[in-house]
Amino acid sequence: MLGSYEEFKADILRYSGIDLNSYKEQQMKRRLDTLITRKGYGGYSGYFQAIKTQKDVYDEFLSYMTINISEFFRNPTQWGVLENLVLPELMKNTTAPLKIWSAACSTGDEPYTLVMLLSKYIPLNKIKIHATDIDTKIIEAAKAGVYQANSVKNVPKDLLDKHFTKLNENTYRINDNIKQAVEFRRHDLLADKYQEGYDLIVCRNVLIYFTEEAKENIYAKFSQSLKSGGYLFIGSTEQIMKYREFDFTSHKSFFYRKN
């Protein structure tokens, strides 16, 4: 290919601030090579020129990089642990509203799932979820809140009937009162500052695309962002091997409690 991947990484870092060195190279390079060949960019240098000059190409690059796959109540058993064990503990230990962050939230399925669970116990006007993603285009899709049937297949029927409007046989829109409980913004887990004082951080099936060094850096920052006794909820494809180094206790599978 014309231009090297090393040059492309340097160009992207200078242009966007995104450090592709923190992503698993074999995975990322294979995906980009396929895209470059399919779209006929002729190589990395031509692809970078297109990224610089065409917003839709840049948006497509972000989507390829972040691999936006999400659904409501993904891995329902784990959401059951959150509802029945973790959330009751957090609510018991504070009188203040819970501070919750859905990191790398993709199309909004997970922060909206959090709102639906919390609304069983807390009035909607008392709920505020922070939701972030690096991809501004996907954030706009999350704000629109329109989903295909496959995305809502795990939503319990009572919650589906209560919180969604069925637009047609295959399309649902989440109701505005749920949307209003989520505050979306752009955030780069690798480069941007993290807020602190969270009771719960949800970041699932995302860090598998990062290098070990990048993951450890993010886990350390998640730990600093959590209150003592707060929880990090990760995905079913992930495990924190050195969790004690980040001041975590392994509480249940996929849940880590800040000491």
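Visitor: What makes three strands an open sheet here, and in which order do they lie?
Guide: In this predicted model, the three strands have the order 3-5-4 with antiparallel pairing, where a strand is a DSSP run of E of at least two residues, numbered from the N terminus as helices are (H or I, at least four residues). Two strands pair if DSSP finds at least two bridges between them. Strand 3 (146-148) and strand 4 (164-168) are the edge strands, each of them pairing on one side only.

Visitor: Why is K166 called partly exposed?
Guide: Buried means under 20% relative accessible area and exposed means over 50%, with partly exposed in between (1.4 Å probe, protein chains only); K166, which lies in strand 4, has 45% relative accessibility, and therefore counts as partly exposed. If residues up to four places away in sequence are not counted, K166 touches T171 and Y172, contact being defined as heavy atoms within 4.5 Å.

Visitor: How do you know that the length of helix 2 is close to what is expected?
Guide: The expected span is 1.5 Å times one less than the number of residues. Helix 2 (residues 25-39) has 15 residues and reaches 21 Å from its first C-alpha to its last, close to the expected 21 Å.

Visitor: What puts the buried residues of helix 2 on the same side?
Guide: The residues concerned are M28, L32, D33, L35 and I36. They cover an arc of only 165° around the axis, which is why they are placed on the same side of helix 2; the arc is that of the directions from the helix axis to the C-beta atoms. On the other side of helix 2, Q26 and T37 are exposed. Just after helix 2, G40 takes a positive phi of about 70°.

Visitor: What makes a set of residues a nonpolar core, and how many residues does the largest have?
Guide: A nonpolar core is a set of buried Ala, Val, Leu, Ile, Met, Phe, Trp, Tyr and Cys residues joined through side-chain atoms within 4.5 Å. The largest has 46 residues, and those with the most contacts inside it include F8, F222 and L232. Helix 4 (55-66) is among the elements that give two or more residues to this core, and its six residues are the largest share. A second, separate core of 40 residues includes I139, V155, I174 and V202.

Visitor: Which conventions lie behind these values?
Guide: Residues are numbered from 1 along each chain as its sequence is written, and side-chain values use heavy atoms, with hydrogens and water left out. Since the model is predicted, local features need pLDDT of at least 70 and side-chain atom pairs count only at pLDDT 80 or more, whereas totals for chains, interfaces and linings use all residues.
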